[in-house]
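Hello,

Here is the structure for you to look at.

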Amino acid sequence: MRKRISCARTGLVRMSVACALLPLCVPAARAADQPPEDMRLAVGKSVVIDFPADVAKISTSNPDIVDAVAVSTREILLHARGLGFCTVVAWSKNSDRRFYNIVVEHNLEPVRRILKETFPEENIQVQAARDSLTLVGRVSTQAVADRAAALAASLAKAVVNNLQVNPAAVEKQIMLRVKFAELNRSAAEAFAINLISTGAANTVGRTSTGQFSPPQVRDLTGVIPGAAAGTTSTFSLSDVLNIFAFRPDINLAVTVKALHSQGVLQILAEPNLVTTNGKEASFLVGGEFPVPVVQGGANVGAVTIQFREFGIRLNFNPGLTPNGTIRMQVRPEVSTIDLTNAVSISGFTIPALATRRIETNIELNQGQSFVIGGLVDDRVTEQLARIPALSSIPVLGALFRSRNENKTKTELIVLVTPEIIDPLNPPQPRALPAMPKEFMAPAPEGKQGAVRKGGAPEGAGKVTAKLGSAPMQPKP
């Protein structure tokens, strides 16, 4: 009996020791687990993991993101199937476990390569979220940021543009020196003869082509029965033209239009315009003329006045190119009032405009000049009037013909010279207009600050001056 009791006690002791050692064995097994490994994969890529022991089983938290397969006893194949985050756990046959935290993201290498090749001097970084790309970094201009976002948009569903633009440098100022040179030549020739008979050869009459103010019969009286003696005739001459002659003894008068004239008109304007890079500037030298405009609607019939501009106008928009040249869009215009083509409506005379306009794009280096020429307006107007039959008589036929010829030739040349200028610094002298005369003479030496008795400065009193006279002098 004693042996059985001792054996039972021995079994109880062994069981108690085993139960006491069991909690100690569990932490020891868990202590064998390795810390989790972080991995990043691109969508569609696969990697093989070399496991240190024989693989017993594998588990993935989301098979739609990462698919894990044991291809051999110690190799695990991971295949990235979708965007997101998941955890893969692998057990060995000796109960060891390993955790892999895997992030599946976009394949950013093509995007980074395209952005680097397109903008080699810009600092652009690409980060990926689940369905979007984020651009971070600093770029030189807003145009670069927009173009980078447009390139990335073709490779992702959504693009978040967090690019910061560096502060813009001080814009260059461009001055455009323009010279308008216009030469207008005109020549006119006129010849006509008007014959008037107040009773020569017992005949009252006139001959004229009607081109140059022919004489008008104002009063003519006769006696019945007719007789040459005592008959009176009166002619009215509104314009005696260039030559007028009258012979009372033979009752014959003549007016002759014989004129040859030439004229030259020269116009030169030199406007200088200053603007910044990419900004348009305009210039106008001339005036405005009123144009009546009839209103409609509730104010139908009312006449308002609007003004139209005329003169020398210049619009230009410069831009600096990476090559250091200046590309410009230039629109010069010269317009003058043309009263010969004016329109009269309801008592209002509305003049026309003779306009010459140019619009062109040019590219020049700083200081180079560009000439816009070839704007030639050549006009010839000839009017010929004659009396049939009489004008065909040899020699004497010239008395029955009139001719008026006008020739005008206008040429416009525009000279354009762009320059890049810098503003004056504070110590630099300012340029002022040159005065033909001294504006105010300085005070004479020895009288500055002199004070006479009574406390008033010497020379204090009434000061008078006359326009165009000598400098002002105080009266004592």
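Helices (H or I, at least four residues) and strands (E, at least two) are DSSP runs, numbered from the N terminus. The model is predicted: local features need pLDDT of at least 70, side-chain atom pairs count only at pLDDT 80 or more, and totals for chains, interfaces and linings use all residues. Residues are numbered from 1 along each chain as its sequence is written, and side-chain values use heavy atoms, with hydrogens and water left out.

Ser 140 sits in the loop between strand E9 (132–139) and helix H3 (142–153). Ser 140 counts as partly exposed because its relative accessibility is 34% (buried is under 20% relative accessible area, exposed over 50%, partly exposed in between; 1.4 Å probe, protein chains only). Leaving aside residues up to four places away in sequence, Ser 140 touches Glu 122, Val 165 and Asn 166 (contact means heavy atoms within 4.5 Å).

On a 1 Å grid over the protein atoms alone, a pocket is an open set of points where a 1.4 Å probe fits, with protein on both sides within 12 Å along at least five of seven lines; lining residues have an atom within 4 Å of a point. Of the 20 lining residues, Asn 184, Asp 338, Ala 354, Asp 377 and Arg 379 are the closest to the pocket's centre. E20 gives the most to this lining, with six residues.

Regards
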